[in-house]
Amino acid sequence: MLRYSAKQLLNMALTLFAVSFLVFALNELSPGDVTRKILGPYASQSQVDHLTREMGLDRPAIVRYFEYMGRALTGDFGDSIYYRQPVSTLIWDRLGNTLLLAAISFAVIVPLSVLLGVLAGMRERGWFDRAVSVFSSMCASIPEFAMGVFLLGIFVVWLGVLPGTSPLRADSGWAIWMQFVLPVLVVTFYDAGYLIAMVRSSMVEVMRQPYIRTALLKGNSFRNVVAKHALRNALITPFTVILLQLNYLVSGLVVVETLFAYPGFGRLMLEAALAKDIAVLEAGTLIAVSVTMLTQLFGDLGYMALDPRIRV
Amino acid sequence: MTEIIHDVPAGRVGVIRDSAQSTPAGLFRRIYDILTRSPIGTIGGAILLTWTLLAIFAPWVAPYSPTKIDPELIADPYPSAQHWLGVDHLGRDILSRLIWGARTVLTVAPTAVLGAVILGTFLGLLAGYRGGIVDAIIMRVGDTLLAFPKIILYLIIIAKFGASAFNIIAVITLSSAPIIARIVRGVTLDIKNRDYVAAARMRGESALFIMFVEILPNARGPLIVDFFLRLGYTTIAIGVLGFLGVGLPPPTPDWGGMVKEAYGMIFVWPHMTIIPSLAISSLVIGANFLATGLREASLDG
Amino acid sequence: MAEILAFEHVSIAYDGRAGRQIILNDVSFSIGAGEALGLVGESGCGKSTVALATMRYLPRGMSVIEGHIRVEGRDTAGLSDQELSRIRGNRIAMVYQDPMSSLNPVMPIGKQLMEVPLLHGETDEKAAFSRAVQMLEEVRLPAAEAMMERYPHQLSGGQQQRVVIAMALMAEPALLIMDEPTTGLDVTIEAAILELVRDLRAKFGTAILFISHNLGTVARICDRIGVLYAGRMVETGQIGTVFRGPAHPYTRGLLGALPRLSGGGRRGKLRPIEGTIGAGDRSRIGCAFVPRCSFAVRHECEERPIAMVDLGGDHLARCARLDAIRASVKDEHDTVATAAGSNAPIVLRVRKLSKEYKLSSFFGGEKKGVVRAVTDVDLDARAGETLAIVGESGCGKSTLARIVSGLLAGTSGEVKLGETDLTKLKVDDRPPEIRRQIQMVFQNPDSTLNPSHSIAYALSRPLRMLRNLASGDAKAEVSSLLAQVRLPAEMAERMPHQLSGGQRQRVAIARALAGNPELVVADEPVSALDVSVQAAILNLLGELLEQSQLGLVLISHDLALVRHMADWVAVMYLGRVVEYGPVEQVFSPPFHPYTEALLRAAPTPDPDAAPPSAALEGMMPSPTEIIVGCAFASRCPSRIAGLCDTTPPPVRQFGDHRIACHLDLGGQVPVAPGGLTEMRSSTS
């Protein structure tokens with residue numbers, strides 16, 4: 001187990017290295033761009049060259065890359081040219097907001113998906129199964145922005161019971177918790193649609209296994225069979241996928257954040273991309289990829305704990 | 001944007017029992033089978049077909065030009081006899097914009113998915129059949145690409161190269177190909193140990209022949225299902241990019257872009273955002289339902 | 001005698017998209033306390049449905065449309081769910097075909113066992129625990145307490161089946177249903193399980209419903225037998241009565257189609273039952289067997305329902321032509337005895353062949369040892385003759401076959417076809433001419449043909465690749481290949497899924513013959529087929545061999561089949577050949593102790609055969625173990641302590657017959673103990 005974790009960590013470090021280099025290369029191989037960006041279109045070429053030298057951008061990319069990574073490891077990601085402040089002060093704040101929204105959504109999505117998926121999958125092709133399947137398939141088919149528009153239309157425009165924006169400020173006229181309702185709802189519909197389908201198909205697969213028959217023909221009641229024999233087996237496959245939703249919840253919330261003007265990490269990345277704010281994009285990518293790798297590691301470890309057949 | 005990575009369980013691969021589908025008559029039979037067997041698949045197919053026909057015949061069926069601005073109409077933008085779905089904030093006919101928008105989506109999405117399928121299939125076959133170092137390299141590169149959250153990959157590319165149909169297609173191809181490669185690799189690993197592959201080796205067939213003639217046809221079931229699922233997700237992706245303002249440059253009629261442009265006016269004119277939202281949802285639902293139907297049909301045999 | 005289970009005119013139907021389909025048709029039988037009934041029939045005859053119906057656990061869409069199923073006198077149709085739960089696992093328990101998948105993979109064995117008493121009245125966890133341990137001891141599992149903590153995947157197949165049996169007997173049920181309990185297990189393991197079941201039955205007095213396709217295993221366990229065909233019971237009676245004097249043509253066919261261990265000449269004609277169960281056969285008004293029966297007469301057999309005829313002495317058969325059949329009784333086995341063990345030219349010479357795999361842990365790095373799949377094997381395959389390689393799973397026989405075919409490379413030694421050494425030459429590196437000369441027939445009819453391509457494709461590709469035929473010529477040649485394996489030319493247009501298993505296997509044989517090979521390696525070519533189909537394929541192979549100078553290497557676990565087909569036999573154990581020689585000599589004393597154990601364990605459908613003596617203990621050692629002495633020493637009933645486990649066995653020679661063993665079997669011991677190689681070179 002320890003050995004395996006160490007190996008995985010090493011793997012992660014390698015991937016992270018590759019990703020960071022890729023991003024760095026993509027963004028900074030033509031250094032003139034950065035200084036031109038800072039100085040604006042009306043600066044003369046000699047000014048641009050001067051600043052390029054000043055900032056050390058004329059040195060080989062590989063040297064600059066290692067310098068950058070060295071600073072990044074100490075938490076210094078450079079300065080944002082768009083927001084005119086250090087990336088680190090900017091990014092952690094936004095990441096905190098996003099993690100809060102992600103955590104609430106995750107806490108709603110997971111129990112809901114497991115419950116519906118298991119109930120649907122335990123009687124394959126029963127009426128409940130069919131209803132849940134259609135429901136989950138539809139939810140996963142409606143893009144978040146469309147779902148946002150629909151919910152906004154109903155609860156804000158028509159009924160007027162919820163706020164249409166969630167800037168997380170108390171002075172906006174709505175309680176903070178109410179500002180969370182619509183964003184969480186939009187994320188839940190979209191993501192749960194996918195997870196329910198995952199859990200359901202795994203449950204269906206398990207219910208077809210001979211050991212379920214064995215359990216039933218031992219004299220177990222159906223309820224007992226589901227709770228004692230099927231459940232744990234049915235959660236093995238979706239477990240990793242459930243954890244991987246955390247990735248989506250960290251970087252994929254950009255749509256919801258844009259919809260509701262929520263000051264989160266995703267929107268920061270979008271703004272950075274539109275403003276070509278390379279320092280922010282780079283830092284954000286590194287953070288997002290690290291989150292992905294970490295959840296993958298936890299996913300693998302949890303998988304081993306759930307399934308006694310897997311031992312490394 | 002979540003992503004379906006459905007690993008094909010071993011032993012489930014050979015389930016496409018009705019191999020008669022390789023002939024045209026067999027294909028029609030197959031479609032007929034699915035229509036009778038899976039109501040969901042039928043509904044999905046019908047939705048997809050409707051949008052496809054509208055897209056193909058857009059110049060003839062669209063009542064107005066999608067880009068014609070008529071400020072006089074803004075006084076009463078709601079649906080009417082002249083403008084069935086109303087007009088947008090610039091007075092452009094929404095129905096015409098939807099129909100022309102379908103054309104955009106149904107060109108970009110299938111092209112991107114097809115690109116991903118071709119690249120992914122080739123790499124997956126190669127990795128699975130060759131194994132060893134080839135496999136390790138292909139999968140490693142794929143894993144690195146997959147480690148990027150998709151949306152961030154888009155944002156980086158767009159920050160660097162700007163928004164265009166080509167870039168969108170390239171990004172989707174790059175980010176989906178590793179997943180398809182994984183599916184195909186899984187199928188290949190299973191099939192390459194089947195006896196008929198051994199028999200092909202024993203008569204001296206080349207590796208390429210075995211990959212494409214002996215193995216690939218047996219992977220078409222999972223691939224077809226995946227194609228439609230991915231078509232749905234790609235449609236969402238294109239819509240999202242449009243909504244975020246990093247999609248196809250205006251004035252191309254683009255559903256996501258339509259939602260974005262009118263979003264600020266949702267309190268005044270809700271139909272301008274709700275109608276394109278419904279359009280994109282229906283197309284994705286169509287693709288996903290069809291995929292579900294196809295999967296059910298292929299598992300039932 | 002109290003009736004434990006009674007089927008009274010039970011009919012079961014499946015209502016699906018294609019309308020109603022009859023699965024069981026008017027089936028009646030009963031099992032008394034302590035009695036064992038064997039239910040036999042080919043796949044699809046409905047025997048598993050009988051088991052599931054007894055448990056009232058029919059698949060969705062299936063229902064009892066007529067008749068009654070009584071368990072200890074109570075009609076199961078009237079039971080509530082609670083009452084049903086009280087019967088299941090308590091009064092009736094079941095043992096399944098595939099023990100691995102019948103056990104919950106994420107629950108320790110002990111917990112799964114304890115569940116039974118806890119469900120059926122026991123409230124005390126401790127009592128349940130000790131009961132479970134006691135039951136594990138009853139099924140002779142070692143270290144029962146430690147076993148309780150283990151997960152199913154940590155046990156071998158035989159051990160898993162013992163656990164399932166223990167679980168079934170936890171509540172001392174009145175009836176034990178065993179559905180193909182030993183299918184898929186090795187013959188020595190099977191023998192041990194059957195012995196266990198017999199002992200437990202004597203001890204607990206449990207009645208048994210034993211379902212099997214294998215007449216031999218039924219003969220070992222049961223008192224009475226029922227033969228099912230297409231959902232109907234066609235014959236019932238005492239085992240001895242039915243086996244000695246089968247009345248129904250189907251029963252006669254089943255018995256006649258079986259190759260026998262005892263007697264019988266080499267490659268004599270078996271009597272296959274032609275055809276397969278047709279889709280409409282289950283719903284025929286008259287006899288379902290008519291399309292495959294050579295005695296059938298239209299008005300007598302087809303037009304009205306056939307009743308069970310009482311033949312006296314508890315023997316019943318459902319046939320309208322019993323008198324006519326009795327009058328035309330022929331010789332059971334018309335056999336053509338040919339002398340085996342000739343000295344035909346050697347096609348393939350294998351010397352000191354070894355195959356090793358280096359194991360590295362999954363994530364690279366640390367070594368976990370070396371698997372020795374094949375060790376120092378010496379064999380010859382001769383033109384026009386069959387060399388059978390027999391042994392249990394893991395003995396290396398398939399690895400050997402794959403090295404010869406070039407699907408794997410050997411590690412050391414030599415494999416020579418004529419003058420060419422093929423040991424390390426994988427098939428992709430072999431010259432086309434060599435490739436043509438060695439072809440292979442595979443085991444599994446489901447994967448031998450590519451489901452995406454037609455039969456014409458399967459046969460014309462090798463013609464083009466191996467004989468360089470143009471595509472037009474290849475097409476013409478396809479029908480002659482099909483004719484060679486007795487298939488009509490129209491088959492060429494079919495897809496593999498439209499063929500039965502037997503037909504697919506015929507196509508596979510035709511494919512192997514396409515290049516006119518010198519040597520065909522057949523890896524368990526009939527083990528996945530029903531007995532009646534198996535006989536037809538064996539006959540076909542026999543004919544092909546008679547007609548040509550083709551050498552055949554036949555890999556099999558089935559001794560009776562080997563006895564029937566082979567000229568030369570090699571018995572393998574743990575990668576080594578322990579006995580080698582002409583078939584008559586290998587199958588008669590002196591034996592290697594392992595060969596002897598195999599012969600004893602093989603189930604024969606002979607009611608008069610002596611009950612098999614003690615089965616082998618233990619399991620085959622892992623191929624990663626380093627063996628100093630004799631590979632078989634750990635399980636050998638006559639091992640000599642201090643010799644067999646420390647010194648490699650000498651090779652004892654009896655003419656062409658060689659046995660690697662320390663026991664003095666009366667043969668010549670080579671002066672310098674070595675492999676079979678030295679011996680061979682001195683004689684050939």
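What pLDDT does chain B average, and what percentage of its residues score at least 70?

## Confidence of the model

This structure is a predicted model. Chain B averages a pLDDT of 84, and 88% of the residues score at least 70. For the complex, the predictor gives an ipTM of 0.86 and a pTM of 0.87.

In chain A the mean pLDDT is 86, with 95% of the residues at 70 or more. Chain C has an average pLDDT of 88, and 92% of its residues score at least 70. Two stretches of chain C call for separate mention. Over residues 362–366 of chain C the pLDDT stays under 50, and the model has five contacts for them beyond four places in sequence. Residues 671–684 of chain C also have a pLDDT below 50, with 20 contacts in the model beyond near neighbours in sequence.

## Overall form of chain C

Chain C has 23 helices and 24 strands. Its radius of gyration is 27 Å, close to the 26 Å that the globule rule gives for 684 residues, so chain C is as compact as a globular protein of that length. Taken along the principal axes, the box filled by the C-alpha atoms of chain C is roughly 75 × 65 × 50 Å.

## The interface of chain B with chain A

The contact between these two chains involves 36 residues of chain B and 40 residues of chain A. On the chain B side, the elements that give two or more residues are helix H5 (132–147), helix H6 (150–161), helix H10 (220–244) and helix H12 (271–300) of chain B. H12(B) supplies the largest share of this side, 10 residues. By class, the side of chain B that touches chain A consists of 25 nonpolar, nine polar and two charged residues.

## The interface of chain C with chain B

Here, 23 residues of chain C are in contact with 17 residues of chain B. The elements of chain C that contribute two or more residues to its side are helix H15 (432–437), strand S18 (438–441) and H16. The largest share, four residues, comes from H16(C). By class, the side of chain C that touches chain B has 11 nonpolar, eight polar and four charged residues.

## Packing around helix H16 of chain C

Helix H16 of chain C also packs against other helices of its own chain. Two packed helices are described by the angle between their axes and the distance between the axes. H16(C) (residues 455–467) and helix H17 of chain C (residues 471–484) pack at an angle of about 120°, with their axes 9 Å apart. These two helices, H16(C) and H17(C), are therefore oblique to each other, and their crossing is right-handed. From H16(C), the residues C:Ala456, C:Leu459, C:Ser460, C:Leu463 and C:Arg464 meet C:Ser471, C:Ala474, C:Lys475, C:Glu477, C:Val478 and C:Leu481 of H17(C). By class, this contact has six nonpolar, two polar and three charged residues.

With helix H18 of chain C (residues 501–513), H16(C) has axes that come within 8 Å and cross at roughly 20°. Because angles under 35 degrees count as roughly parallel, H16(C) is roughly parallel to H18(C). The crossing of H16(C) with H18(C) is right-handed. C:Ile455, C:Ala458, C:Leu459 and C:Pro462 of H16(C) make the contact with C:Val507, C:Ala510 and C:Arg511 of H18(C). The contact of H16(C) with H18(C) has six nonpolar residues, no polar residues and one charged residue.

## Backbone features

Most residues other than glycine have a negative phi, and most peptide bonds are trans. The peptide bond from C:Pro589 to C:Pro590 is cis, with omega near 0°. C:Pro590 lies in the loop between helix H21 (583–586) and helix H22 (593–601) of chain C.

In chain A, A:Lys276 has a positive phi of about 50° although it is not a glycine. The loop that holds A:Lys276 lies between helix H12 (265–274) and helix H13 (278–306) of chain A.

Notes
Residues numbered from 1 in each chain as written. Chains lettered and ligands numbered in written order. Predicted model: local features only at pLDDT ≥ 70, side-chain atom pairs only at ≥ 80, totals over all residues. pLDDT = per-residue confidence, 0-100. Contact = placed C-beta atoms within 7 Å. Nonpolar A, V, L, I, M, F, W, Y, C, P; charged D, E, K, R; others polar. Axes fitted to C-alpha atoms, helices over the stretch in contact; angles between N-to-C directions. Parallel < 35°, antiparallel > 145°, perpendicular 65-115°, else oblique. Left-handed = near helix turned anticlockwise from the far one by under 90°. Rg over C-alpha atoms; globule rule 2.2 N^0.38 Å.
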